[in-house]
Amino acid sequence: MRAARFHTFGHDPIIDDVEVPTRKPGQTLVRIDAAALGHLDLTVGSGNFDIKPALPHVGGTDGAGTVIESDTFDAGTRVLVRGGGVGLFKPGCWAEYLVAADKVFTPFDSALEPAIAATFFLPSTTGFVAVHDIARVAAGERVVVSGAAGAVGSMAAQFALLAGADVIGVVPRADQVPLVPDGVRPVVGRGSELADTLGPDPVADVLVDTLGGDSLPYLLERVLPGGRAALIGYTLGTELTIDLPNWLLKDVQLLPVNMIRKSARQAELAPDLIRRHVDGEIGMAVQEFPLDDIAFALQMMREGKVAGRAVVVP
C-alpha cells in the first residue's frame, strides 16, 4: 500500500510503498477513504513537539474509513478514526489502510461524505463549544468572529448565527471573503488597518478569536464593557500584550477554549453535529488532494491558501 511517512523531522512526508498492516485481536483493519491534514500533524512532523514518534512515521490523526476486518465491527461499516495515539506515536491515517485498536473507531451516518467525516470533528465541536459553552452567545447579541473563513472560525460564525446573533466575520485577506458563511458580514483587514475599518467604538458583545496575532489587541478594544472574548487560536501570533488598567476598567472576560480538556463533551456533541452536517443545517468547506500530492497540500496549509479544511484521498 501507499503511505505518506515522515523520514526526517522538519521535512515533508514521502510517499512509500509498504506492507498492508496485519491486525491482532482487539484491533480493526480499515481502508482509509479520506484523511485530514491538521496543524497538529504539522507540529508532530516538525520535531518540536513533546511527542516524537519513531521514524519513519505515518502521519494523520483524523480520518474516515471503511472496515475491512474486525471482531467488533461488521465489514463495510463506515467509521471515524480518532484517538488512541493514531498519527501521534502510532501509524496514522495518511495511508491506504490502517490497523488500530477497536476503540479508535466510531461508526457514523453513511450519508456523511468521507471528506467531511474526516475533518468535521475538531472544527465543529470547537466552534460549538466556543459559542455555546464558553462565550454563551445569546440571541440578539453582536458577535465578531476572527478567521471566519477558516474551518473553526466558519463553524463558530454559523453557530453564532443559529443562536440568533448578528455576526461580523473578520478575514485578513480579500480573497477569503467568499469562504465567509452566508449571513455573516465580512470585514477585511489586519492589525491597525482592521482597527480603522471597524472604527474607534465597540462593535460587539462577544469576540470569538481563532487567529491571535496583531489583530487581537484591536479586536479586544472593540468589545463592549462587560463583554466576553473566547480565544481559540494563534496562527497569526502567539503573544498578547494588555494594558491592565484599561482592561480592568472595561471588564472584558478573556476565556480560553482548551479542547484538550473537552474530549467527553466532543464525543457527546458528535452525533448531533453529524446530523446537522447531513441535513445541511451547517456546512464546512473542504479541499481534497490526492495522497500523492500531500507535500503540496501541506505547503498550501502553511501559506494559508487552503479553502477550508484540507484532506488527502488515498
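1. Glu141 touches Arg136, Ala165, Asp166, Asp205, Val206 and Arg228, once neighbours within four places in sequence are set aside (contact means heavy atoms within 4.5 Å). Keep in mind that this is a predicted model, where local features need pLDDT of at least 70, side-chain atom pairs count only at pLDDT 80 or more, and totals for chains, interfaces and linings use all residues. Residues are numbered from 1 along each chain as its sequence is written, and side-chain values use heavy atoms, with hydrogens and water left out.

2. Where does Glu141 lie? Its place is the loop between helix H3 (121-134) and strand S9 (142-146) (helices, H or I, of at least four residues and strands, E, of at least two are DSSP runs, numbered from the N terminus). Glu141 counts as buried because its relative accessibility is 14% (buried is under 20% relative accessible area, exposed over 50%, partly exposed in between, with a 1.4 Å probe and protein chains only). A polar atom of the Glu141 side chain lies 2.9 Å from the backbone nitrogen of Ala138.

3. Now to helix H1 (residues 39-46), where Asp41, Leu42, Val44 and Gly45 are buried. They sit on the same side of H1, because they cover an arc of only 160° around the axis (taken from the directions from the helix axis to the C-beta atoms). These buried residues pack against strand S1 (2-6), strand S3 (27-37), strand S4 (57-58) and helix H9 (294-302).

4. Have a look just after H1 too: Gly47 takes a positive phi of about 85°.

Terms used:
Polar contact = N/O pair within 3.5 Å; in protein donor to acceptor, adjacent residues only side chain to side chain.
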